[in-house]
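Trainee: Before we discuss this model, could you show me the sequence and structure, and tell me which terms we will need?

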Amino acid sequence: MNCLWCHDDIMPDITWLNFWNPFYEPGKICTTCKEGFPIIVDHVCPMCSRPSKNEEVCGDCQRWSNSEAFQGALERNVSVFSYTPIMKDMMAKWKYRGDYELIHMFSEDVRKKFKEAFGKSKATLVPIPLSSSREKERGFNQAKAIAMLLKRPIESVLTRVQDEKQSKKTRQERMEAENPFQLVKEVKGEIILIDDIYTTGMTLHWAAELLKKGGSTKIQSFTLIRS
Amino acid sequence: MNIKNPTENPSNVYAAHLSGKILLRNEIPFTETEIEMLLNQKFLNEIRGIEDSNFGYRCVRCGNQKRYLIGRIPTKTGKQIYCRNCIEMGRVSTFEPLYKWAGPELPLDRLKNPCAWEGQLTVHQKIASDKINEAMTNRTKLLTWAVCGAGKTEMLFRGLTDAISRGDRICLATPRADVVRELVPRFRKAFPEVSITALYGGSPDKDDGCQFVISTTHQLFRYERAFDVMIIDEADAFPFYADASLVYAAKKARKESSSLIFLTATPRKWIKLQSACGFLPTVFVPSRYHGHPLPVPTFPSCYSLKKSLQKDKLPPKINDWIAEKERNNRRFLLFVPSIEMAEQISKLTKYEYVHADDPDRIEKVECFRKGEITALITTTILERGVTFPSIDVAVIDAGHNVFDVAALVQIAGRAGRNAKDPYGDVSFFHQGKSDAMVGAVKMIEMMNNLAKERVK
C-alpha cells in the first residue's frame, strides 16, 4: 500500500488485535506525513475551535452572539485540523484539482474527533451543499465527502442558490452578501452541519439560521479545518 | 503564431492550437460552438479519458495503470474513476472526455537558413553533429554520449537547421525545468526566425502552433503523435528514468516515423545495454569543447565527519580545503547529501546553501553565477544543467547513497568548464569509498582515454 500524500510504501502495523479483526482498515497515510498535518489539540475557543490561550470565547464569536440575525443559531463548531501551509496545499489538491481520494488520509482522525465531540448525540448530519454547476464541475461535494467518512445517516436538506467563490472574497464582502441557501425540507431535532473549512463562519451561520427557522432545536457544526 | 494565410484555410487557426495534442475541455481556447463545429467536421474527436480493461483502469493521457494512482469518486450513479498520476495538469476522468485532433496537420514554415550561429565545431563535435543530422534526416534513433561541457547544444544546430528547412516539428524535452529555462534563450539566439516555445509547470508560454517546442517531459502528456524530431536531453536525470509514465509520454508524443535523439553524459544501465548490444546507435563525444581532459576526482578520506558534526565542528580536512580555496581566491561548490547537513555546514562556514524547495533558489544560483558570492553549499539539485565558468568542487560524504555514479560524474563535470581555466579541483571527501565513486572515476577515465586515442 502507498501513502496518499507522498506515494511511498507504507508498512502497516500488524498486531494481534488487528490481525484478528476482519474489519481492520490500515491507515492510508504514512507516519511521517501524518505528523505534518496539524491536529487541533487543546486551548481553543469553545464556540469555534479557534486557537485561544485561556480557552475564552473569542471576539468573533462574541460578535456572532451579539448579532440579531444569527444569535444562538449555531451553538458551537468543532474542527479537526488548523490551516497551515501544508493544509493549504492539501485543499488545493483535493478541492481545486479534484483529487477526491485524499480525504481518506484523514478518516481516522476525523472519526476520532467526531466521537470525542459528539459521541452520544443522535443528531442528523447535514453537509453544506454546492451549487449544482460547481458540483458537476468538481465531480463531488467536499462537505459530503467528509460526512461520508462518519458512517451516519446524511440528510441533504439545503440547496445553494447563488454561487460565487467565497474564498475569493474579503471578510467584509462575505458579511454583506445575501444568504445563498434555501431549505428544501424541514428537519426537527438536532443537527450537525458538515463543511470543509470554517473561516469567518459566515457560511455555517447562514445555514444554521435557515435550519433554526425551519424548526431545528440544536445546531452544531463540524469542519475539517479551522483557519 | 505560425500560420500562413489563416483566411485561405480557416482550419489552420484550430490546427495551430490542437494539432498533435490530446486535451481536456478547459485546455482548449475555443468556444462551445467552435468545438461543436470541429466535432461535426470530424476534425476533433472525443475520446474516453480512462480506459477500462481486464487488467484494471488505464489513463489515456499518461498511461498510468498503477492501482494506487487510480482514484475513485463515489456518486449517486456509481463510481467515477480518475487518474491521480497526472492530476497536476488537470484531472482526466470518466466523466469528462479528452479531445484529440484528427483534422489536417498544421503546415509549418520551411525557413531556408534559420541558423544564426557562426561558431566553429571541434573535431569531436563535428563527428557527432554529422551523426545527429543523419539520424534526424533518416528518422532513426541515436544516443549521443557526450561528456559534461562537450557543447551538446551546438552539436544539434546543424541537424536542426535541416529539420527546420524540411518543415519538421521538433521537440527538445528534458526532465528538469531549470534546463528548459537555460536552453531556451540559447536556441532563440541561434534560431531567431523560428517560433520557439518553452513549456514547464507554470511557464508563461503556450504552444500555439510553434515549430520548435522546448519542454519538460511532464508537458509531453498533452501531445500525441506530434513531433518528427524528438530530442531528450539529460535522459538519465530524475524523474525521467524512474517514472514509466514519462517514458510513455515521450513515446506517445513522437510520430510513428520520427527520429529520437538521446543526449546524456551519464547513460543509465538500460540505455548502455541497448547501446552495447547495437540496438541503439551511439556516438561518443569524449572531449570537452576546449579540448582539455575532464578533471579526475581525488578521494581524500574524512572518517571524522560524523563525530565532528556532532560536536558542531567542521572536520579539519574539509576546513583546510575551504581555507586553501579562500587563500587562492577560488570559487567553489560544496555538495552535501542532505538538507540538514547543508544547513549545519552553512552555519559553520557562513556560506549560503540551496536545496530543491528553497524559495530563493533561483536568485542564489544567479548570485553565484555572477560571482557575487564565492561559494555555495548545495544538495544534488545543482548536479547538472547549470554552468559556472571557473569553479572547484567538493563532495562531502561522497559515499552516501544519494550520490550514484551518474550524480558523481555530473558533479565532477561542473569543474573546469572554462577554456581559460580548464583544470578544476574535484575532491570526494568520503568515509569509506563506495562503488559509485570508483565507477565515476572509471567512467571519467574511459572518456579521457577515448579522447586521447582519437587525437592520435
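Mentor: Helices (H or I, at least four residues) and strands (E, at least two) are DSSP runs, numbered from the N terminus. This is a predicted model, in which local features need pLDDT of at least 70 and side-chain atom pairs count only at pLDDT 80 or more, while totals for chains, interfaces and linings use all residues. Residues are numbered from 1 along each chain as its sequence is written, chains are lettered from A and ligands numbered from 1 in the order in which they are written, and side-chain values use heavy atoms, with hydrogens and water left out.

Trainee: How many of the 10 residues of strand S5 (residues 189-198) of chain A are buried?

Mentor: A residue is called buried under 20% relative accessible area, exposed over 50%, and partly exposed in between (1.4 Å probe, protein chains only). By that rule S5(A) is mostly covered, and the number of its buried residues is eight.

Trainee: Which residue in S5(A) does A:Val126 stand opposite?

Mentor: Two strands count as paired if DSSP finds at least two bridges between them. Strand S2 (residues 124-127) of chain A meets this with S5(A), the two running parallel over four bridges. Within S5(A), the residue opposite A:Val126 is A:Leu193.

Trainee: What is the bridge partner of B:Leu44 in S7(B)?

Mentor: Chain B has an open sheet of three strands in the order S1-S7-S2, with antiparallel pairing. Its edge strands, each pairing on one side only, are S1 (22-23) and S2 (44-47) of chain B. S2(B) is joined by four bridges to the antiparallel strand S7 (residues 98-101) of chain B, and there the partner of B:Leu44 is B:Trp101.

Trainee: Is B:Asp397 buried or exposed?

Mentor: B:Asp397 lies in the loop between strand S18 (392-396) and helix H12 (405-412) of chain B, and its phi is near 55°, a positive value in a residue other than glycine. The relative accessible area of B:Asp397 is 13%, so this residue is buried.

Trainee: What relative accessibility does A:His43 have?

Mentor: A:His43 belongs to the loop between helix H2 (31-36) and helix H3 (59-66) of chain A, and although it is not glycine, its phi is positive, near 55°. A:His43 counts as partly exposed because its relative accessibility is 42%.

Trainee: How far apart are the N and O atoms in the salt bridge of B:Asp178 and B:Arg181?

Mentor: A salt bridge here is a side-chain nitrogen of Lys or Arg within 4 Å of a carboxyl oxygen of Asp or Glu, and the structure holds 42 of them over all chains. B:Asp178 and B:Arg181 both sit in helix H5 (residues 177-190) of chain B, three residues apart, or about one turn of the helix. B:Arg181 is partly exposed, with a relative accessible area of 35%. The N-to-O distance in this pair is 3.0 Å.

Trainee: What is the relative accessible area of B:Glu32?

Mentor: B:Glu32 forms a salt bridge with B:Arg25, in which the closest N and O atoms are 3.6 Å apart. B:Glu32 counts as exposed because its relative accessible area is 53%.

Trainee: How many residues apart are B:Glu234 and B:Arg384?

Mentor: These two side chains form a salt bridge whose closest N and O atoms are 2.9 Å apart. The pair links distant parts of the chain, with B:Glu234 in the loop between strand S12 (227-233) and helix H6 (244-253) of chain B, and B:Arg384 in the loop between strand S17 (375-378) and S18 of chain B. B:Glu234 is buried at a relative accessible area of 6%, and B:Arg384 is buried at 2%.

Trainee: What distance separates the C-alpha atoms of B:Ala116 and B:Phe157?

Mentor: B:Ala116 lies in the loop between S7 and helix H3 (123-138) of chain B, and it is partly exposed, with a relative accessible area of 41%. B:Ala116 and B:Phe157 are 41 residues apart along the chain, and their C-alpha atoms are separated by 9.6 Å.
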